[in-house]
Amino acid sequence: MTKAYSYACRDCEGMEACPASVVAESRQEVWQLMGNHARIAHDENPDDWDQETRDYLETLIKEVDV
Ligand SMILES: [Zn+2]
């Protein structure tokens, strides 16, 4: 088994209705995919996320076995 990182948008407060989730090999890649998703699905600019938001999102990234 290999370690990977996952993020499910519905775990984020206020995003319970969003079905999107991402899995990637590194946290860095998950951040990129989260950013893309936020842009496409939620019309958010990840560059605007403050440190508090980033710290919160970081807690939602889970380590998984694939
Ligand atoms: Zn979403």
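What follows is a chat about a predicted model.

Trainee: Which strands form the open sheet, and in what order?

Mentor: The model is predicted, to start with. The open sheet has 3 strands in the order 2-1-3, with antiparallel pairing.

Trainee: And which are the edge strands?

Mentor: Strand 2 and strand 3, each of which pairs on one side only.

Trainee: How many bridges are there between strand 1 and strand 2?

Mentor: Strand 1 pairs with strand 2, residues 21-24, over 4 bridges in the antiparallel sense. Ser6, for example, has Val23 as its bridge partner in strand 2.

Trainee: What about strand 1 and strand 3?

Mentor: They are antiparallel too, with 4 bridges, and strand 3 covers residues 62-65. There, Glu63 is the bridge partner of Tyr5.

Trainee: How many residues does helix 1 have, and what does it reach from first C-alpha to last?

Mentor: Helix 1 has 16 residues and reaches 21 Å, close to the 22 Å expected at 1.5 Å a residue.

Trainee: Which residues of helix 1 are buried?

Mentor: Val30, Met34 and Ala38. They cover an arc of only 75 degrees around the axis, so they lie on the same side of helix 1.

Trainee: Why would residues three or four places apart point the same way?

Mentor: Because an α-helix has 3.6 residues a turn.

Trainee: What do the buried residues of helix 1 pack against?

Mentor: They pack against strand 1, strand 2 and helix 2, which is 51-60.

Trainee: And which exposed residues are on the face turned away from the buried side?

Mentor: That face of helix 1 carries Gln28, Asn36 and Ile40 as exposed residues.

Trainee: Back to the inside. Which residues make up the largest nonpolar core?

Mentor: There are 5 residues in that core: Tyr5, Tyr7, Val30, Met34 and Ala38.

Trainee: Where does the largest share come from?

Mentor: From helix 1, with 3 residues.

Trainee: What is Ala38 in contact with, leaving aside neighbours within four places in sequence?

Mentor: Glu44 and Pro46.

Trainee: Next topic. Which residue follows helix 1?

Mentor: Asp43, which has a positive phi near 55 degrees. Asp43 is not a glycine.

Trainee: Where is Asp43 found, and is Asp43 buried or exposed?

Mentor: Asp43 sits in the loop between helix 1 and helix 2. Asp43 counts as exposed because it has 7 C-beta neighbours inside 10 Å, and the cut-off for exposed is 12 or fewer.

Trainee: Last one, Arg54. Where is its place, and is Arg54 buried or exposed?

Mentor: Arg54 is in helix 2. Arg54 is exposed, with 11 other C-beta atoms within 10 Å.

Trainee: What separates the C-alpha atoms of Arg54 and Ala24?

Mentor: 18 Å, and the two residues are 30 residues apart along the chain.

How values were computed. Residues numbered from 1 in each chain as written. Predicted model: local features only at pLDDT ≥ 70, side-chain atom pairs only at ≥ 80, totals over all residues. Core = buried A, V, L, I, M, F, W, Y, C linked by C-beta atoms within 7 Å. Buried ≥ 20, exposed ≤ 12 C-beta atoms within 10 Å, placed from the backbone. Helix = DSSP H or I, 4+ residues; strand = E, 2+ residues; numbered from the N terminus. Contact = placed C-beta atoms within 7 Å. Pairing = 2+ DSSP bridges. Expected span 1.5 Å × (residues − 1). Arc of directions from axis to C-beta.
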